[in-house]
Amino acid sequence: MGLRREIIGKIFGANELPITFISTGGTIDKVYFDALSQFEVGESVVSHILREALVPEPHEQIELMRKDSLEITDADRALIAKTIREHSGQHFIVTHGTDTMTDSALALGDMGDRTIVFTGALTPARFRTNDAVFNLGMAVAAVQTAPPGVYIAMSGQIFPAGAVRKNRERRCFELLETPSTN
């Protein structure tokens, strides 16, 4: 492990790349109770996914809230931004529901020399077939390699905040023709 960190440090200019995971809820953490789609946002699955994928430390997890993204408010977005600004880390992954993920990513604005990647899932991680593990893996790679800024890792791609939308009909995220600005 020491040699791996030394090599990564030489490539990326750091001896360690700690990642802070901030969970806000969303489909990635949903627990369904019946065929009528009664659900609640449960405990974050991030630690479980990382352990199963053999992702080594260092990383920490902050469970900020357990909300469906349609319930995320401007005050919640301000709390996400405040949590990141007040944290000493440089690399953040925010798990978030897909319906308003683009709004929350755009609301962060300029976060200085931090790299922040939003990700989530169109299907709950607790389902046998899901996109959660893949999206989280993309986010882990992106947060370690992308320059400072705010990004979204979904649908096998990395998008800059403000340049992406959720296409509900196609069940994917895609580039906007004209990027949004905050």
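Predicted model: local features only at pLDDT ≥ 70, side-chain atom pairs only at ≥ 80, totals over all residues.
Student: How do strands come together, and which strands form the open sheet here?

Tutor: In general, the strands of a sheet pair through backbone hydrogen bonds, in either a parallel or an antiparallel way. In this structure, six strands make up an open sheet with the order E4-E1-E5-E6-E7-E8, and the pairing is mixed. Strand E4 (59-67) and strand E8 (157-160) are at the edges with a single partner strand each, so one side of each has no neighbour in the sheet. From one strand to the next, the twist averages 20°.

Student: In which sense do strands E5 and E6 pair?

Tutor: Strand E5 (residues 91-95) and strand E6 (residues 115-119) pair in the parallel sense, over five bridges, and Val94 stands opposite Phe118 in E6.

Student: Which strands do helices H3 and H5 touch or lie across?

Tutor: Helix H3 (residues 74-86) lies across E1, E4, E5 and E6, and runs at about 170° to E4. Helix H5 (residues 132-145) also packs on the sheet, where it touches E1, E5, E6, E7 and E8, and its direction makes about 170° with that of E6.

Student: Is Ile22 buried or exposed?

Tutor: A residue counts as buried when its relative accessible area is under 20%. Ile22, which is found in strand E1, has a relative accessible area of 1%, and is therefore buried. Beyond its neighbours within four places in sequence, Ile22 is in contact with several residues, including Ile62, Leu64, Ile84 and Phe92.

Student: What should I look for in a core, and which residues have the most contacts inside the largest nonpolar core?

Tutor: In soluble globular proteins, nonpolar side chains tend to be buried together. Here the largest nonpolar core has 22 residues, and those with the most contacts inside it are Ile84, Leu108, Ile116, Phe118, Val150, Ile152 and Phe173. The elements that give two or more residues to this core are E4, H3, E5, helix H4 (101-107), E6 and E7. A second, separate core of 13 residues includes Ile93, Val140, Ala146 and Ala153.

Note on methods
Residues numbered from 1 in each chain as written. Heavy atoms only, no water. Pairing = 2+ DSSP bridges. Helix = DSSP H or I, 4+ residues; strand = E, 2+ residues; numbered from the N terminus. Axes fitted to C-alpha atoms, helices over the stretch in contact; angles between N-to-C directions. Contact = heavy atoms within 4.5 Å. Buried < 20%, exposed > 50% of the residue type's maximum accessible area, 1.4 Å probe, protein only. Core = buried A, V, L, I, M, F, W, Y, C linked by side-chain atoms within 4.5 Å.
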